[in-house]
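The points begin with the fold of one chain and then turn to its partner.

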Amino acid sequence: MSSLTSEPRSAVIEHRPNRTAQRVLDRLHANGSRFFTGVPCSLLSDYFDILEKSQGTGDAMCYIPATREDSAVGVASGLALAGERPVVLMQNSGLGYCLNVITSLNLVYALPVLFIIGWRGHTPADAPEHQIIGPRLTRLLDTFDLPWITLQPGSPEQSVDDCLERQGNSRCCSFLLVTGGE
Amino acid sequence: MLLIPASDGWRMMQTAEALKVILDRFPNSMMVSTCGYLSRDLAALTKEKNCFYLLGAMGMAAPVALGMAIACPALHFVAIDGDGSLLMNLSCLPMVAAQSPNMLHVVLDNGVHESTGGQRRVTGSSFTSLAQAAGYRSAARVDSTAALERLALEPPALLHIVVEPRSGKPAPRIATPPAELAANATEFLRRSESPRTQDQEAT
């Protein structure tokens, strides 16, 4: 390509956040979720980017950074007891830390939390540390009858609605799995 | 170290004594107590609805209280932790400090893992130093009910209370179903909303 028509090398590359993340969060926010907590996952970087930029006051989405994923579930449980509709975001590697809180607190007391999980190790092409839990993620959730759906990038609102419906219907916690395929 | 004078000599504070002082000092605060004997002790001491009892999820007393405090900024909260349960989840300290809740984080420290049979716990750390390093606004250590009764700390605060292991049988298991424990807490939080909100609801 000729240098006259190509982009200048010094041009700032504008980062346009993926619209899917915005639509997912907006749908949850419209459904009454004000508080979002968790630990970052690279597959969810657009979500965290939006949350970090949110005002956090009044009715705006409020992000509470957690030090570990199980503590995020603890915070979310306190929010749920106070009548809020908390959302917890994490990488699937954090789910292992959360199992005690989910199984001895959320499921025992029926404290509703919606989880957005970045699905590392979804394919064998991913890094080695994800290759044990990655292929078994949905089986792990199934073991505790935890409802899950995989986010469909073409219809994020529908995916959120499906996930919310499962939260209400069964075990109070439901999981939106994000493969990063969008 | 201050000790309570007793007729048969000096003795350490007991868990039940410390809990009674906390309940008396903070009648309008929401308490969140950790699993094991502490929740059972607290449930045996009060029938009021301002307590949320954890049966499991060791290490989550402060995070749960934090979540409530974020949702209900007009209220005051007391997280009742044990030494073992706080050590299990020390990483909650910076998270609590960063949110700056209106919260007192109590650590009832009997020096052992009492609820599982009195096994050794990891020793050698200072809970007050850990809290201050994490960013808590204040932290203090007490060994007597007299000191406990008069202490006022700016939140978020950590209050390290040294107590002796229980000599008698622990309080019985909590008979109330967990769903009811949750409903009681939710009801207390709802009723305790600011008077302005309640006035608006009335009109």
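1. Along the sequence, chain A follows the pattern α-β-α-β-α-β-α-β-α-β-α-β, which comes to six helices and six strands; helices (H or I, at least four residues) and strands (E, at least two) are DSSP runs, numbered from the N terminus. This is a predicted model, in which local features need pLDDT of at least 70 and side-chain atom pairs count only at pLDDT 80 or more, while totals for chains, interfaces and linings use all residues. Residues are numbered from 1 along each chain as its sequence is written, and chains are lettered from A in the order in which they are written.

2. Of the 182 residues in chain A, 48% are buried, meaning under 20% relative accessible area (1.4 Å probe, protein chains only).

3. The area buried between chain A and chain B, that is, the accessible area (1.4 Å probe) that the two lose on being put together, summed over both, is about 1,900 Å², and carbon and sulfur atoms give 70% of that area. On the side of chain A, Thr67(A), Leu81(A) and Tyr109(A) lose the most area to chain B, together 34% of what that side buries.

4. The contact (heavy atoms within 4.5 Å) takes 22 residues from chain A and 30 residues from chain B. Strand 2 (62-65), helix 3 (69-81) and helix 4 (95-109) of chain A each supply at least two residues of the side that touches chain B, and helix 3 gives the most, with seven residues.

Definitions and conventions. Heavy atoms only, no water. Buried < 20%, exposed > 50% of the residue type's maximum accessible area, 1.4 Å probe, protein only.
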